[in-house]
Amino acid sequence: MDRHAFHLLGKPTGAACNLDCSYCFFLSKEQLYPGSRFRMDDTVLEAWVRQLLDAQPDGEVHLAWQGGEPTLMGLPHFARAVALAETWRRPGQRVRYTVQTNATRIDDDWAGFFRDHDVLVGVSLDGPRALHDRHRLTKGGTGSFDQVLAGWACLQRHGVQTNILCTVHADNAGQPLPIYRFFRDELGARHLQFIPVVERVTEEQADRADARWGTARPLYTQAGDRAAPRSVDGPAWGRFLVAVFDAWLRRDIGTVFVQAFDVALAAKFGRHELCIHAPACGDALALEHNGDLYSCDHYVEPGYRLGNILQAPLADLVAGPTQRAFGRAKQESLPQYCRQCDVLDLCQGGCPKDRFATTPDGEPGLNHLCEGYRAFFRHLDPWLEFMAAELRAGRPPSAAMREVARREAALSAAVARAGRNEPCPCGSGRKTKHCHGAN
Ligand code: SF4
Ligand code: SF4
């Protein structure tokens with residue numbers, strides 16, 4: 001059997017969630033299944049686990065839960081999934097369990113289970129209290145920060161492997177360093193993911209989206225060429241990533257792991273570890289609670305339903321022509337502007353769901369975040385080259401921390417020697433007194 005690796009996010013509660021985050025694109029997906037209880041039954045669970053293991057090659061296989069809020073399924077669902085996976089995996093397979101949760105329901109039982117089964121737990125948290133509580137609300141409309149922090153503390157007490165997933169939106173994008181330091185210094189987090197909120201809407205929906213939809217949030221689909229005001233824009237996204245990178249570069253290489261930086265460094269070695277910045281996609285699918293398979297978690301909508309795994313084998317649906325065409329479209333639809341871009345090898349045009357802007361010469365299909373990606377990757381590239389050279393020489397990339405300190409000391413010495421009205425030694429073109437010599 002010809003097997004190829006792919007990622008599958010299982011959504012055992014579909015869109016059901018105990019929170020009501022105002023930027024969530026997934027809550028409205030419950031409209032796809034009117035009358036459903038949104039709980040995966042054992043028949044679907046067994047098909048999911050068995051077919052996933054059958055379809056994947058030997059080596060590491062990821063059994064991944066996402067929501068909605070997957071812990072609403074209760075612990076027995078997770079215990080059964082793990083038992084099935086351990087029974088059905090082939091000798092050459094190792095199953096790696098991951099779950100993305102808002103952490104509000106985590107208690108000692110959950111944390112103990114996660115620890116015992118080496119589950120990697122992603123916790124959704126948008127920064128310190130005021131930033132987190134801006135959008136991540138309970139059903140009653142209050143902030144969820146205290147509940148999330150209680151869940152996080154419980155996971156830490158039990159020694160569970162954790163990762164923070166922070167969405168970056170219009171209201172926290174201007175606070176990169178307080179967010180980064182909060183995660184690193186106050187929470188002791190060592191693995192971080194930053195995800196841009198891009199809430200896409202049509203012209204007709206724009207007013208209602210601005211008003212947070214009221215009570216009738218329509219089914220979210222990847223349509224329209226506008227971004228709701230909660231979205232981060234390209235320049236803000238770029239500034240956010242650059243600021244976090246600069247902080248990380250100075251002292252945290254090898255001790256804090258930021259997905260965006262790891263992925264960019266891997267690309268220097270020809271490895272594309274994240275679909276968003278890979279040339280093609282199509283190998284990151286989503287499985288709904290009833291067995292319906294969709295092309296991607298961001299395309300759980302009628303036009304991207306591939307079939308149901310109770311009626312057609314998962315492997316066939318993943319390898320089938322519809323899904324392969326979905327994956328190729330990411331590259332085939334790249335505008336000329338991207339094809340000529342100096343950071344194309346790192347960016348690859350970003351995710352197709354965000355490609356609703358227009359290039360300067362009027363071609364559609366440019367990423368809404370382009371300006372930010374371009375600034376970020378240009379800023380990163382020399383340091384990626386430096387770190388890649390260290391790795392090729394068999395040394396750790398942490399030498400970049402010493403190099404940045406050396407360059408900063410040299411610049412400070414040059415600035416001290418320069419006249420205040422002379423060009424700044426940093427090469428900005430501004431006078432020293434208006435640049436690094438400013439008091
Ligand atoms: S559509 Fe975007 S998120 Fe989905 S698989 Fe492709 S690149 Fe990844
Ligand atoms: S930075 Fe912009 S132009 Fe360059 S590949 Fe990315 S989206 Fe395209």
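**Around ligand 2 and beyond**

Modeller: Happy to! Let's begin at ligand 2, whose surroundings are formed by Tyr337, Cys338, Cys341, Val343, Leu344, Cys347, Gly349, Gly350, Asn367, Cys370, Tyr373 and Arg374. Please keep in mind that this is a predicted model. Sorted by class, this shell has eight nonpolar, three polar and one charged residues. Three helices each supply at least two residues to the shell: helix 12 (336-339), helix 13 (344-347) and helix 14 (370-392). Of the contributions to this shell, that of helix 14 is the most, at three residues.

Gln348 lies in the loop between helix 13 and strand 13 (357-358). Its phi is positive, about 60°, although Gln348 is not a glycine. That deserves a remark because most residues other than glycine have a negative phi. Is Gln348 buried or exposed? Gln348 has 25 other C-beta atoms within 10 Å, so it is buried.

Helix 14 leads us on to another residue, Leu380, which is found in that helix. Leu380 has 21 C-beta neighbours inside 10 Å and therefore counts as buried. Leaving aside residues up to four places away in sequence, Leu380 touches Phe245 and Ala264. For a sense of scale, take Leu380 and Leu9: they are 371 residues apart along the chain, and their C-alpha atoms are separated by 30 Å.

Now for the other ligand. Around ligand 1 you will find Cys275, Ile276, Cys281, Ala284, Cys296, His298, Lys330, Cys351, Pro352 and Lys353. This shell divides into seven nonpolar, one polar and two charged residues.

The largest nonpolar core has 100 residues. Those with the most contacts inside this core are Leu52, Leu63, Val168, Trp237, Leu241, Leu285 and Leu293. With residues up to four places away in sequence left out, Val168 touches Ala173, Phe194, Ile195, Pro196, Val197, Val232, Trp237 and Phe240. One of these partners, Trp237, is also listed among the residues with the most contacts inside the core.

Next, a pair of helices. The axes of helix 2 (residues 75-88) and helix 3 (residues 108-116) come within 11 Å and cross at roughly 10°. The two helices are therefore roughly parallel to each other. In their contact, Leu75, Phe78 and Ala79 of helix 2 meet Asp109, Trp110 and Phe113 of helix 3. By class, the residues of this contact are five nonpolar, no polar and one charged.

What kind of peptide bond joins Gly67 and Gly68? The bond is cis, with omega about 0°. This one stands out because most peptide bonds are trans.

Phe38 counts as buried because 21 C-beta neighbours lie inside 10 Å.

Methods:
Residues numbered from 1 in each chain as written. Chains lettered and ligands numbered in written order. Predicted model: local features only at pLDDT ≥ 70, side-chain atom pairs only at ≥ 80, totals over all residues. Near = placed C-beta within 6 Å. Nonpolar A, V, L, I, M, F, W, Y, C, P; charged D, E, K, R; others polar. Helix = DSSP H or I, 4+ residues; strand = E, 2+ residues; numbered from the N terminus. Core = buried A, V, L, I, M, F, W, Y, C linked by C-beta atoms within 7 Å. Buried ≥ 20, exposed ≤ 12 C-beta atoms within 10 Å, placed from the backbone. Contact = placed C-beta atoms within 7 Å. Axes fitted to C-alpha atoms, helices over the stretch in contact; angles between N-to-C directions. Parallel < 35°, antiparallel > 145°, perpendicular 65-115°, else oblique.
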